[in-house]
Amino acid sequence: MNTRAHTVRSSVAVSGTALLLAAAGLGLAPAASAAEPQPPVLAVDTAAPAEVGLAGLPVDFTTKVSNTGTTDTSSARLTYRIDGGAGLPPNAVGLEYRLDGTEWKKVPLTYAGGTFSGEMPETFPLAAGRDRTVRLRIGVPMGNGDGNGGTERLKLTTLVSYGASGAATDTDDDTIEVDGLGTALSGVPATATAGGPAVGFQATVANPTASGYENVTDTLITSKYASVQVLRSGTWETLTPVTSDAEADVYGFDVIGKDASLTAHSSTVVKVRVGYREDTPAGKTTLRSCVFVNQGSVPFRGTTFCGNEATLTVLAAGSAGGTPTPAPTAPATRTPSATPAPSASPSASTEAPSATSGTTSGTSGASSRLAETGSNGTSTIAAVAGAFVLAGAGALGFVALRRRRTRA
């Protein structure tokens, strides 16, 4: 009995100790859990620009990072992915940031499979319950005109993370439309007489984008028999033809520029008149306006936007052609390229199909679709130049972007 009673009392004592320890353990568990630090909770919101200009200057935007958690972070990090599709060359896109001060710094970008990606080199601390806005700017400089390509839009993805691991805690997706310059001729007469008076019309370059443009040159591509004047400061100035050894049959006249600037959502217009030498062959001839961005020292290079051609008939010298009458104005289109564009226009040309489709009127802007890139563009030149093919122009790399959207 005593042995049994002792055993029972020992068992009860052990069980009671176990219960006390368990209770003590339960009491300690919440305290231990409360001591564990909670990770920061970072959210990101990028206010991307609605549009940028192909080969234009960068456009500002912001990224806001918020710490919605209860723990501070000493190193918030921002990473960007920019998908422009296969039509862009590896040096087409630029991204810069400004964290403190006034200096813009580059975000190093790598390129693979049509996507640019890079992390902002600087991190920044962010206390719990606080937010910080980073200023950035994005552009599509097209390598300053040294590569073929184009795109209709960019998909911008922003990722935020903290610490050394870099695992994203939040992402934000935006779409940025990409457009370009427009150029057009208006009021081109239907006829001109060889050796007769010059005929007048207007040349327009329009920038429908949010990007400013620098190093813009609008060139009138026409016949080697033509002489061209522009009205500047109330005086008609005779232009010197622009030629290139690489494109011996291309005759151009820089009617706007060389190396002019255009602000965002602006346009510029110049009055032009063209005369034809007495020995100009009778027949149809064409005029076309092409605007070059970052042309450099070599003519007909850089990112190129061409408008529709205008056709007029050159009458034989001494013929009674009467007063020239304006031909219907061709609607403006833009045919962007980053390599040489059109060929010169002789007389007696035949009309060729256009590689681009027109917009409703004038230089009204529109979106772009990649049609051809790189060395596949030789047939596009024939379509762009029409009669220029008869001038014996060489094969030129070219990119055609079809304009589909009309701006108000």
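There's one disulfide in this structure, a disulfide being a pair of cysteine sulfur atoms within 2.5 Å. Keep in mind that this is a predicted model: local features need pLDDT of at least 70 and side-chain atom pairs count only at pLDDT 80 or more, while totals for chains, interfaces and linings use all residues. Residues are numbered from 1 along each chain as its sequence is written, and side-chain values use heavy atoms, with hydrogens and water left out.

**The disulfide**

- Cys-290 and Cys-306 are the two partners, with an S to S distance of 2.0 Å.
- The torsion about their S-S bond is about 110°, so this disulfide is right-handed.
- The link ties together distant parts of the chain, 16 residues apart: Cys-290 sits in strand E22 (residues 283-293) and Cys-306 in strand E23 (residues 303-306). Strands here are DSSP runs (E, at least two residues), numbered from the N terminus.
- Cys-290 has 0% relative accessibility, so it counts as buried (under 20% relative accessible area; exposed is over 50%, partly exposed in between, with a 1.4 Å probe and protein chains only).
- Cys-306 is buried too, with a relative accessible area of 0%.

**Aromatic pairs**

- Two aromatic pairs turn up in the structure. Rings of Phe, Tyr and Trp (its six-membered ring) pair if their centres lie within 6.5 Å; planes under 30 degrees apart count as stacked, over 60 as edge-to-face and the rest as tilted.
- Tyr-111 and Phe-116 make a tilted pair, because their ring centres are 4.8 Å apart and their planes stand at 50°.
- Within that pair, Tyr-111 is partly exposed at 29% relative accessibility, whereas Phe-116 is buried at 1%.
- Phe-292 and Phe-300 are also tilted, at 6.2 Å centre to centre and 55° between the planes. Both Phe-292 and Phe-300 are buried.

**The five-stranded sheet**

- Five strands make an open sheet with antiparallel pairing, in the order E13-E15-E21-E17-E18. Two strands pair if DSSP finds at least two bridges between them.
- At the edges you'll find strand E13 (182-186) and strand E18 (235-238), each pairing on one side only.
- On average, neighbouring strands of this sheet are turned by 30° against each other, direction ignored. Axes are lines fitted to C-alpha atoms, and angles run from 0 to 180 degrees between N-to-C directions.
- Strand E15 (residues 199-207) pairs with strand E21 (residues 266-276) in the antiparallel sense, over nine bridges.
- Ala-203 has Val-270 in E21 as its bridge partner.

Notes. Helices (H or I, at least four residues) and strands (E, at least two) are DSSP runs, numbered from the N terminus.
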